[in-house]
Amino acid sequence: MTDASWQLKGEAKRQSILNTIPKKWRLKYPVPPATELRDVTADYIRQYLTAREIEITETDAVDIVEQTSTGRWSAVEVTEAFCHRAALAHQLVNCLHETFFEAAIKDAEQQDKYFTKHKAPIGPLHGLPVSLKDQFHVKGVETTMGYVGWINTFQGHKDDPRSGTEESELVRELRNLGAVLYCKTSVPATLMTGETINNIIGYTWNPKNRLLSSGGSSGGEGALIALRGSPAGFGTDIGGSVRIPAGFNFLYGIRPSTGRIPYQGAANSLDGQSTVPSVIGPMAPTARSLTLLFKAVLGQKPWLYDPLALELPWRDEIVQETRALIEKARDGASTLAFGIMKYDGVALVHPPIARGLGIVEKTLRRLGHRVIEWKPPSHAIAVELLEKVFNMDGGVDLKYHLGLSGESRAPQVLGTENGIPMTAPEILALNVAKREYQKRYMDYWNSTAEVTGTGRPVDALFCPLAPHAAVIPNEYESVGYTGFVNVLDYTSLAIPVTFADKKVDVRSSYESVDGSKNIQWDYDSESYDGAPVGVQFVGRRLQEERMLTLAEYLGKEITKEAEGRA
């Protein structure tokens with residue numbers, strides 16, 4: 001396919017996405033350029049909505065379900081409000097790959113009929129609109145995953161009988177739970193970058209500062225939810241692809257350990273690579289919304305339908321144990337301890353990130369928790385291991401899928417196109433090296449019991465999500481801060497903290513861990529002004545219940561500290 005033909009095909013698909021938006025929801029006037037209007041959240045997008053639509057779409061998932069499952073709000077009214085706001089969001093920042101609003105409203109109508117007849121909800125997500133990253137197959141809806149070569153195919157295969165008929169396991173479960181599915185969100189072609197860019201919809205911009213990225217690879221999810229075009233959605237994460245866009249968009253997002261959320265039937269890059277598997281996790285404006293979705297999905301017993309899902313139901317006993325520790329801490333007992341890592345020895349952080357970590361540390365100390373400096377095994381080792389995984393096939397997968405159309409590769413994309421695939425012995429050696437690193441990290445974590453004063457190792461770790469806030473396009477410096485978690489297969493969340501401020505977060509001299517001074521950051525306080533600042537909250541493997549409970553508690557306290565209400 002020639003350059004002209006793949007470009008035309010991408011443009012046609014881009015226009016077809018816009019054409020699915022009802023005329024009544026299309027913007028009548030051009031949006032001012034980002035140089036004149038950076039922030040299109042809040043008041044800007046509200047001008048196109050009714051007061052009722054604003055009320056519905058700015059309610060979190062937990063409270064929406066409270067309304068829909070008791071009949072106070074109809075599923076149709078809620079679905080129409082989010083479809084409208086999602087349509088606006090796409091026109092502002094390019095965050096959607098697919099819309100199926102009409103089908104969603106029909107599904108919502110059926111839910112309302114069910115409630116009228118049975119006076120009960122279909123399930124714990126009754127009437128809740130849920131958005132999906134464009135890796136999940138939905139019947140009657142295309143999946144391109146950002147590749148021009150996937151248009152009008154099934155994952156690049158023409159005349160495949162699964163085209164238009166396949167549904168991912170998570171999609172089936174969400175329908176059973178009563179969720180309403182209505183759109184799929186943008187991703188970078190290959191999924192292998194912390195930004196979202198492809199040759200179909202172009203670049204997905206950050207709604208709080210449209211000079212910057214929404215993150216990746218679940219960047220469309222992050223942008224859509226930031227604009228409240230969705231109350232909650234699902235992304236995937238192999239090196240930070242849920243947590244990065246969550247942090248870049250002032251959201252909560254969880255990367256669970258492998259096997260807790262079913263991946264069966266979802267499209268993927270490097271499919272079959274299992275040294276560091278991709279995992280699925282929800283994103284939302286509140287921590288309790290993540291808990292709602294996570295608990296609901298586990299209630300569907302995904303291990304009966306996905307051969308790689310763990311038979312590990314939601315554990316209320318862990319929630320209760322964690323809440324008991326929190327209550328003891330509120331009574332003045334020193335029951336919780338946390339590590340803080342401000343620098344991973346690989347990538348120095350920008351001033352807004354350093355300030356965000358400072359807010360977190362101040363919060364923990366105010367609450368009476370023990371804080372220790374985190375000095376783990378070298379994170380450079382984790383970065384090296386992850387790079388080997390990303391290039392394991394020598395770029396065969398990347399080259400093949402781009403080659404289906406002949407489309408160009410975005411400069412942000414990680415990986416080589418002309419490398420040498422690893423041999424079986426080399427893969428075995430990589431797996432051994434990963435296992436040995438996991439053991440060293442486990443031993444270090446256990447060793448912190450000697451200094452916490454609680455009789456236990458640290459309960460969790462706070463560290464950056466990235467060296468920077470929502471990043472200037474093509475300036476993502478390192479995925480090491482999130483990637484080490486994937487190597488270890490730990491539970492990890494993004495927690496929102498504050499916003500970059502050019503008056504506060506200025507370039508200055510800096511003393512690094514090794515004592516060197518006057519480090520020159522690639523940091524522009526003017527460009528980053530207003531960018532969301534999040535931090536990463538890391539727990540041990542398969543500790544989702546504990547981490548979600550702690551995140552809800554600490555997230556509220558961090559917000560108070562950041563806003564000066566502590």
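Colleague: Which residues in H19 do the residues of H11 meet?

Modeller: Happy to say, and keep in mind that this is a predicted model. From H11, the contact draws on Ile 318, Val 319, Glu 321, Thr 322, Arg 323, Leu 325, Ile 326 and Arg 330. Their counterparts in H19 are Glu 545, Arg 546, Thr 549, Leu 550 and Tyr 553.

Colleague: How do the residues of that contact divide into nonpolar, polar and charged?

Modeller: Thr 322 of H11 and Thr 549 of H19 both take part, and Thr counts as polar. Overall, the contact of H11 with H19 has two polar residues, five charged and six nonpolar.

Colleague: At what angle do the axes of H11 and H19 cross?

Modeller: H11 spans residues 316-330 and H19 spans residues 544-562, with axes that come within 8 Å. The crossing is right-handed. Its angle is roughly 35°.

Colleague: Nice! Turning to the sheet, which are the edge strands?

Modeller: The sheet is open, with 11 strands in mixed pairing, ordered E1-E3-E2-E8-E10-E9-E14-E15-E13-E11-E12. An edge strand pairs on one side only, and that picks out E1 (96-99) and E12 (370-373).

Colleague: And what is the bridge partner of Gly 233 in E10?

Modeller: E8 (residues 233-237) and E10 (residues 279-284) run antiparallel, joined by five bridges. In E10, the partner of Gly 233 is Met 283.

Colleague: Which strands does H19 touch as it packs on the sheet?

Modeller: The direction of H19 makes about 5° with that of E14. The strands that H19 touches are E9, E11, E13, E14 and E15.

Definitions and conventions:
Residues numbered from 1 in each chain as written. Predicted model: local features only at pLDDT ≥ 70, side-chain atom pairs only at ≥ 80, totals over all residues. Heavy atoms only, no water. Axes fitted to C-alpha atoms, helices over the stretch in contact; angles between N-to-C directions. Helix = DSSP H or I, 4+ residues; strand = E, 2+ residues; numbered from the N terminus. Left-handed = near helix turned anticlockwise from the far one by under 90°. Contact = heavy atoms within 4.5 Å. Pairing = 2+ DSSP bridges.
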